[in-house]
Amino acid sequence: MDILWLGHPECHNIELVGPKAGNLSRLSGAHRVPPGFCITTEPYVRWSSLFNGAQTPANLESVPSPFLDVLTAAYQELSAQCGASNPSVAVRSSAVDEDGGTTSFAGQHSTFLNVVGVDNLVRAVIDCWRSAQAERALEYRQQQGMATDGLRLAVLVQKLVKADSSSVVFSANPVTGSRDELMINASWGLGESVVGGSVNPDTYLIRKADLAITSRQISDKQRMTVLTAEGTQEVPVPRKQRTVAAISDAQALEMARLALALESSMGWPVDLECSFENRTLFLLQCRPITTLTSHPSQ
């Protein structure tokens, strides 16, 4: 089974698609998750076994043609769903043992945004597979006391959200450990600048009991990630926009309500990635807050 579609029961199985894709699949029926499919761990295992630990090539010819046919058909089906012949997609790694309660793997495996066309999609999938064996990912595994062999990596392919602003939302305060308030970090453009830490984002604290905004810090946001013809690029934020709030209070509260709902349904404090496109909220990721393990419950 090489391809599973988000929302289908089989795609909820994290042993096949990893927690990143599995969580989104579970949530896609009740929340606004961009449509897409997941390449299960099986193609990665077959592909990586061809090279017996040798350096894996990045060319398209390294991928067996039967899988190329399956991937092409899936992209064409997604194209039909999106109403576009070559839709722009986000391609994200989803390792089976990432996004746990103590290890997030944030930034360790590759993500590619604004990927257009089958050939570019195949290259992005190969690069996601190759990232599982990258030195930084293997070092992270060793630091966490995790195995570096027998890796299983799935790849999530979704319609790209062309974000006006993006946020990371925590249903508990990851700095103080307080379970009584939510924290939102928000900035302009795609979420990579926020997730990667290259921008000083706006920060909101919201009391969970009554959803009152108790703190609002609007930062000088100097960098943002935007779409380009070649993919994405981090660029300076226009000067007049730097100290303007990237989200409205209403948008902050919309994300707060989403975080509370997901914390309730998932059964643990959540770390979300969200984006607004034309004022419509999209859920891009849902995982546990790993930093809470260093704080006592409050």
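Biologist: Among contacts in the protein chain between residues at least 6 apart in sequence, what percentage join residues at least 24 apart?
Modeller: This is a predicted model, and the figures I give are computed from it. The chain holds 7 helices and 13 strands, and 52% of its 298 residues count as buried. Taking the contacts between residues at least 6 apart in sequence, the share that joins residues at least 24 apart is 65%.

Biologist: How far apart are the end C-alpha atoms of helix α7, and what span should its 18 residues have?
Modeller: Helix α7 covers residues 249-266, and at 1.5 Å a residue its 18 residues should span 26 Å.

Biologist: Within what arc do the buried residues of α7 fall, seen down its axis?
Modeller: The buried residues of α7 include Ala252, Met255, Leu258, Ala259, Leu262 and Met266. Seen down the helix axis, the buried residues of α7 line one face, because they fall within an arc of 165 degrees.

Biologist: Which exposed residues does α7 carry on the face turned away from its buried side?
Modeller: The buried residues of α7 are covered by elements that include α1 (14-27), β6 (165-170), β12 (270-277) and β13 (280-288). On the face turned away from that buried side, the helix carries the exposed residues Ala250 and Ser264.

Biologist: Which residue follows α7, and what is its phi?
Modeller: The residue that follows α7 is Gly267. The phi of Gly267 is positive, near 90 degrees.

Biologist: Are Asp202 and Lys221 buried or exposed, and how many residues apart in sequence are the parts that the pair ties together?
Modeller: The side chains of Asp202 and Lys221 meet in a salt bridge, at 2.9 Å from N to O. Asp202 lies in strand β8 and Lys221 in the loop between β9 (212-217) and β10 (223-228), so the pair ties together parts that are 19 residues apart in sequence. Asp202 counts as buried because its relative accessibility is 0%, and Lys221, with a relative accessible area of 0%, is likewise buried.

Biologist: Which residue meets Asp249 in a salt bridge, and where does that partner lie?
Modeller: A search of the whole structure finds 8 salt bridges, and one of them joins the side chains of Asp249 and Arg216 at 2.8 Å, N to O. This pair links distant parts of the chain, 33 residues apart, with Asp249 in helix α7 and Arg216 in strand β9.

Biologist: How many of the 7 residues of strand β5 are buried?
Modeller: Strand β2 (residues 36-39) runs antiparallel to β5 and is joined to it by 4 bridges, with Ile39 standing opposite Val155. Strand β3 (residues 89-95) also pairs with β5 in the antiparallel sense, over 7 bridges, and Ala90 stands opposite Gln158. Strand β5 (residues 153-159) is largely enclosed by the rest of the structure, because the number of its 7 residues that are buried is 6.

Methods:
Residues are numbered from 1 along each chain as its sequence is written. This is a predicted model: local features need pLDDT of at least 70, side-chain atom pairs count only at pLDDT 80 or more; totals for chains, interfaces and linings use all residues. Side-chain values use heavy atoms; hydrogens and water are left out. Helices (H or I, at least four residues) and strands (E, at least two) are DSSP runs, numbered from the N terminus. The expected span of a helix is 1.5 Å times one less than its number of residues. Buried means under 20% relative accessible area, exposed over 50%, partly exposed in between (1.4 Å probe, protein chains only). The arc is that of the directions from the helix axis to the C-beta atoms. Contact means heavy atoms within 4.5 Å. A salt bridge is a side-chain nitrogen of Lys or Arg within 4 Å of a carboxyl oxygen of Asp or Glu. Two strands pair if DSSP finds at least two bridges between them.
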